[in-house]
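Have the model open beside you and take your time with it. The paragraphs below walk through it piece by piece.

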Amino acid sequence: MTATSARPGTADPVRGVLDPPAAVERRRPRLPFSPWHLLLAPLALVFAVPLVWLVLSSVMTNAEINRFPPALWPSGIDLGGYRYVLGNAMFPRWFANSLIVSAVTVAANLVFGSLAGYAFARMRFAGSRVLLGLMLATMAVPFQLTMIPTFLVMKKLGLIDTLGALIVPSLVTPFAVFLLRQFFLSLPRELEEAAWIDGCSRLRVLWRIVLPLSRPALATVAVLTFLTTWNDLTWPLIAINHDTQYTLQLGLTTFQGQHHTQWAAVMAGNVITVLPVLLAFLGAQKTFIQSITSSGLKG
Amino acid sequence: MPRLPRPITVEGPPPDPRPLRRKRRRETGTAWAFVSPAVLIVLGLSIVPVIWSLLLSFQASDLVTPSRWVGLDNYRALAQDPNFSQAVRNTLLYTVLYVPLSLLFGLALALVLNRRIRLVGLYRTLIFVPFVLSATAQGVLFSFILDPEFGAANSVLHRLGVSSQGFLSDPSQALLVLVAITLWSGTGFCVVVYLAALQDVPQSLIEAARLDGAGRRHLLRHVTLPTLTPVTVFLVLWQAIQSLQVFDLVYVTTKGGPLGSTTVIVYFIWEQAFKNATAGYGASAAYVLAVALALVAGAVRLVRRRGRHRLEGARS
């Protein structure tokens with residue numbers, strides 16, 4: 001039967017009905033490539049050109065940029081902007097600050113998010129429902145509503161103008177707790193129960209059995225926490241005054257304000273600011289896109 | 001006396017469930033230990049501030065000297081403040097332009113990128129990359145590109161014979177330019193979310209519609225778009241909330257100017273609370289924004305629920 005329908009030339013009415021698009025395509029005049037490229041290539045260019053310009057202008061000389069009309073293509077690679085930014089300005093310090101804040105925040109969210117998420121997923125304790133409900137409710141609270149009192153709390157704690165002020169408020173987000181809880185709920189229970197009844201502590205069960213199975217959820221929390229922490233400007237702007245404690249984002253915008261005509265240096269600083277995120281994205285593109293869409297679709 | 005052979009029994013858990021119950025009871029301590037860091041941070045820096053903000057909004061406070069109770073004065077002043085109503089208008093205009101455009105472009109691009117053509121992965125990457133850049137980086141980059149004197153944009157326009165534009169320094173253009181910048185960086189998000197959703201359109205449904213003689217347009221109208229509705233609703237909500245809260249990009253590019261043409265609500269709140277030392281006034285504006293956001297979320301949820309009912313009605 002299969003052989004009959006596969007034989008070429010056999011009149012096969014069912015095939016004909018199933019495959020009208022193939023028949024239509026055969027009649028079309030052929031381009032060496034899909035016509036959609038004619039639309040997609042210029043569009044992709046629109047998205048890419050500003051980024052290309054970012055890199056190009058960072059290796060131009062100020063003379064090239066400051067003439068009218070400015071050059072669109074560098075005559076050579078001039079690293080003056082980078083030299084200035086890495087030597088005279090405080091970019092290395094700001095880079096380190098951003099790195100510390102992001103690393104600690106990501107690690108803390110993974111640890112505390114896992115602990116709380118696991119307790120909410122698997123353990124029954126007094127008040128768990130109320131607490132979980134409150135946590136969920138806080139996800140809907142906009143940051144603008146809490147930023148003034150949070151500033152006052154940080155001031156009372158003596159953390160304003162230190163990296164601590166940037167780290168403490170986001171040590172664990174309700175998002176991390178909730179996302180990990182949902183993932184833990186989807187895991188089969190039997191494995192954990194067996195280990196637990198055999199005398200394993202909950203912490204050991206979480207560390208040995210649950211977390212190794214939860215890599216996708218942990219990656220999502222890590223990616224989104226890193227992205228929001230590294231890219232944040234609002235909170236550092238409020239909590240930090242002294243330039244030794246700036247993050248890269250705050251440093252970059254201040255630097256731009258002070259060096260308005262040194263565009264090459266500003267763009268070099270901008271490249272340094274976006275490079276970690278860009279490299280992380282290009283290196284783990286699938287994880288990034290999955291994290292961002294999955295968190296979106298569940299919301 | 002010879003020992004009696006012990007009866008062979010399995011030393012399993014006794015039928016009495018007490019040990020397990022004891023284990024569960026002991027667990028309350030462990031559970032609280034597990035959740036306490038999260039509870040402390042989330043409640044301490046979220047629930048308490050929400051109430052604190054409310055109290056603050058009834059006070060005159062500069063965050064340094066003791067504050068004074070003023071009742072509803074802040075809200076009354078807000079209703080009459082032309083700067084605040086301008087901020088509201090700017091924010092609404094920004095939202096009304098950005099949300100539909102980003103969804104429309106996102107959907108169109110996703111439909112095209114869902115085809116089997118070469119280099120689709122590259123196109124998707126290029127369109128999505130701007131999304132991971134910080135608003136600061138975008139703002140600094142476009143301040144440069146759109147700089148009226150030294151910017152590449154005017155350089156290109158000059159070569160094309162078009163006169164120089166003010167862009168971010170022109171009160172009639174600045175807000176539209178901000179929308180365009182956000183479209184550049186935010187469309188990619190809609191694209192990948194729609195692309196993910198398109199993977200979930202059941203293949204059997206498409207086949208069945210084809211068998212019934214549906215053309216491409218019919219497939220799109222009656223099969224694809226309806227299955228995308230929940231995602232569209234989510235995106236409307238998400239993008240609206242994002243754009244009602246826009247701040248970083250405005251701070252980096254225009255600082256609310258020129259002539260207040262890009263002052264948005266959050267910029268107004270920040271200015272009042274941390275620049276003009278009128279924190280109580282800023283808190284009252286923040287409460288107005290929070291209520292507006294809650295209303296948007298509620299309205300969208302209502303639409304979604306009604307949509308679901310209609311879908312279920314059609315199915316039965």
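This is a predicted model: local features need pLDDT of at least 70, side-chain atom pairs count only at pLDDT 80 or more; totals for chains, interfaces and linings use all residues.

Residues are numbered from 1 along each chain as its sequence is written, and chains are lettered from A and ligands numbered from 1 in the order in which they are written.

Let's begin with chain B. It has 12 helices and two strands, where helices (H or I, at least four residues) and strands (E, at least two) are DSSP runs numbered from the N terminus. Reading from the N terminus, the order is α-β-β-α-α-α-α-α-α-α-α-α-α-α. Chain B has 316 residues, and 39% of them count as buried; that label needs 20 or more other C-beta atoms within 10 Å of a residue's own, exposed means 12 or fewer, partly exposed is in between, and the C-beta atoms are placed from the backbone. Take the contacts in chain B between residues at least 6 apart in sequence: 68% of these join residues at least 24 apart. A contact here means that the C-beta atoms of two residues, placed from the backbone, lie within 7 Å.

UniProt, in an unreviewed entry, lists "domain: ABC transmembrane type-1" at residues 88–304 of chain B. Keep in mind that UniProt positions are given in the numbering used here, feature names are shortened, and annotations may be inferred rather than shown by experiment. In the model, residues 88–304 of chain B are 76% helix and 0% strand, with the end C-alpha atoms 26 Å apart.

Over in chain A, the UniProt record (unreviewed entry) gives that domain name to residues 95–284. That stretch of chain A is 76% helix and 0% strand, and its end C-alpha atoms are 21 Å apart. Ala284(A) sits in the loop between helix 17 (263–283) and helix 18 (285–298) of chain A. With 15 other C-beta atoms within 10 Å, Ala284(A) is partly exposed. Its C-alpha atom is 9.5 Å from that of Val223(A), although 61 residues separate Ala284(A) and Val223(A) along the chain.

The UniProt annotation "transmembrane region" (unreviewed entry) covers several spans of chain A, including 36–56 and 205–227. Residues 36–56 of chain A are 100% helix and 0% strand, with end C-alpha atoms 29 Å apart. For residues 205–227 of chain A, the model gives 96% helix, 0% strand and 30 Å between the end C-alpha atoms.

Now find helix 7 (residues 91–122) of chain A, which holds Val111(A). Val111(A) is partly exposed, because it has 14 C-beta neighbours inside 10 Å.

What angle do the axes of helix 7 and helix 14 of chain A cross at? Roughly 145°, and the axes of helix 7 and helix 14 (residues 215–231) come within 9 Å; axes are lines fitted to C-alpha atoms, for helices over the stretch in contact, and angles run from 0 to 180 degrees between N-to-C directions. Residues meeting there include Ser98(A) and Thr105(A) from helix 7, and Leu218(A) and Trp230(A) from helix 14. By class, this contact of helix 7 with helix 14 has eight nonpolar, seven polar and no charged residues. Ala, Val, Leu, Ile, Met, Phe, Trp, Tyr, Cys and Pro count as nonpolar, Asp, Glu, Lys and Arg as charged, and the others, Gly among them, as polar.

How do the two chains meet? The contact takes 75 residues from chain A and 78 residues from chain B. On the chain B side, helix 1 (residues 18–56) supplies the largest share, 23 residues. That side of chain B has 60 nonpolar, 12 polar and six charged residues.

Most residues other than glycine have a negative phi, and most peptide bonds are trans. In chain B, the peptide bond from Gly257(B) to Pro258(B) is cis, with omega near -10°. Pro258(B) lies in the loop between helix 10 (248–253) and helix 11 (265–275) of chain B. Leu259(B), in that loop too, has a positive phi of about 55° although it is not a glycine. Leu259(B) counts as exposed, with 11 C-beta neighbours inside 10 Å.
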